[in-house]
Amino acid sequence: MVAHPSVTLFVDLSEGDGLVYNAHGRRERGSVVVGLIPGNLRISGRTAEAGQCLQIRLSPVVAAAVLSASTELVGTVVSLEDVWGRDAGRAEDRLRAATSWDERFTIAADVLGRRLDARPPLDPEIAAAWWRMLTSRGQVRVDSLANEVGWSRKRLWSRFRSQIGLTPKRAAQLVRFDHAAHLLAAGDATARVAVG
């Protein structure tokens, strides 16, 4: 899996064999949560129907509220059940029973919305710093971010790491990498992407 500036949920919608994921030399089945910078990860199914899943990408700001443990997920892949407990199975059952993708999207939005409403949000300064990082495509300096949110560089660094799971500098690198990957996929010249 290519690194992406989001926490990703793969919800297994298959009956039977389902999804198989291989991360850090470990093979397991079922729905998973993929933290920021997961490392080597492969997800597959035996057949097209067996490999049916719903992929949901959450910004780290939303993931912190929806998953409660998003900072511990950095660099890891864990089962959705380990993160949500019984709620994972209930959500999977509702999504499998849906008769269309539109219905699944509505159910997923409902499940995530309820979890979001039940958890305290991140510091607004951290959410603002993340948004600024995304809109600048990772080109904003940490000192500038700290000034924009009214904190010292040290406080921003500490709070960002404790709530997002990465330092602001590492998060900016991830955002820049993602932007460069999109440019390359769109056909931009390698040299031009490297300069930008």
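These legends describe close-up views of a predicted model.

**View 1. The whole chain.**
The protein chain has nine helices and seven strands. It is 196 residues long, and 42% of these residues count as buried. Contacts between residues at least 6 apart in sequence were sorted by separation: 68% of them join residues at least 24 apart. The chain exposes about 10700 Å². Carbon and sulfur atoms supply 50% of that area.

**View 2. An open sheet of four strands.**
The strands follow the order E6-E1-E4-E7, and their pairing is antiparallel. E6 and E7 (77-79) are the edge strands, each pairing on one side only. From one strand to the next, the twist averages 20 degrees. Six bridges link E1 (residues 7-12) to E6 (residues 53-58). Three bridges link E1 to E4 (residues 32-34). Another three join E4 to E7.

**View 3. Partners across the strands.**
Follow single residues from strand to strand in this view. Leu9 has Ile56 in E6 as its bridge partner. Thr8 stands opposite Val34 in E4. Val33, in turn, faces Val78 in E7.

**View 4. Strand E1 under cover.**
Strand E1 spans residues 7-12, and six of its six residues are buried. Both of its faces are covered. On one side sit Val7, Leu9 and Val11. On the other sit Thr8, Phe10 and Asp12. E1 pairs in the antiparallel sense with E6, and does likewise with E4.

**View 5. Helix H1 over the sheet.**
H1 lies across E1, E4 and E6. The helix runs at about 115 degrees to E6.

In soluble globular proteins, nonpolar side chains tend to be buried together. Here the largest nonpolar core has 45 residues. Leu67, Trp84, Leu156 and Phe160 have the most contacts inside it. A second, separate core has five residues, including Phe10, Val32, Val34 and Leu41.

**View 6. The surroundings of Leu67.**
Which residues does Leu67 contact, leaving aside its neighbours within four places in sequence? Its partners are Val7, Leu9, Val33, Leu58, Leu73, Val83 and Trp84. Of these, Val7 and Leu9 lie on one side of strand E1, and both are buried. Trp84 is, like Leu67, among the residues with the most contacts inside the largest core.

**View 7. Helices H5 and H7 packed together.**
Two packed helices are described by the angle between their axes and the distance between the axes. H5 (residues 124-135) and H7 (residues 153-164) pack at an angle of about 90 degrees. Their axes are 10 Å apart. H5 is therefore roughly perpendicular to H7. From H5, the residues at the meeting point are Ile126, Ala129, Trp130 and Met133. From H7, they are Leu156, Arg159, Phe160, Gln163 and Ile164.

**View 8. Arg137 in a loop.**
Arg137 is found in the loop between H5 and H6 (142-149). What is the phi of Arg137? The angle is positive, about 55 degrees, although Arg137 is not a glycine. Is Arg137 buried, exposed or partly exposed? With a relative accessible area of 49%, Arg137 is partly exposed, because exposed residues are those over 50%.

How values were computed:
Residues are numbered from 1 along each chain as its sequence is written. This is a predicted model: local features need pLDDT of at least 70, side-chain atom pairs count only at pLDDT 80 or more; totals for chains, interfaces and linings use all residues. Side-chain values use heavy atoms; hydrogens and water are left out. A nonpolar core is a set of buried Ala, Val, Leu, Ile, Met, Phe, Trp, Tyr and Cys residues joined through side-chain atoms within 4.5 Å. Buried means under 20% relative accessible area, exposed over 50%, partly exposed in between (1.4 Å probe, protein chains only). Contact means heavy atoms within 4.5 Å. Helices (H or I, at least four residues) and strands (E, at least two) are DSSP runs, numbered from the N terminus. Two strands pair if DSSP finds at least two bridges between them. Axes are lines fitted to C-alpha atoms, for helices over the stretch in contact, and angles run from 0 to 180 degrees between N-to-C directions. Accessible areas come from the Shrake-Rupley method with a 1.4 Å probe; for residues, only the protein chains shown count as cover. Angles under 35 degrees count as roughly parallel, over 145 as roughly antiparallel, 65 to 115 as roughly perpendicular and the rest as oblique.
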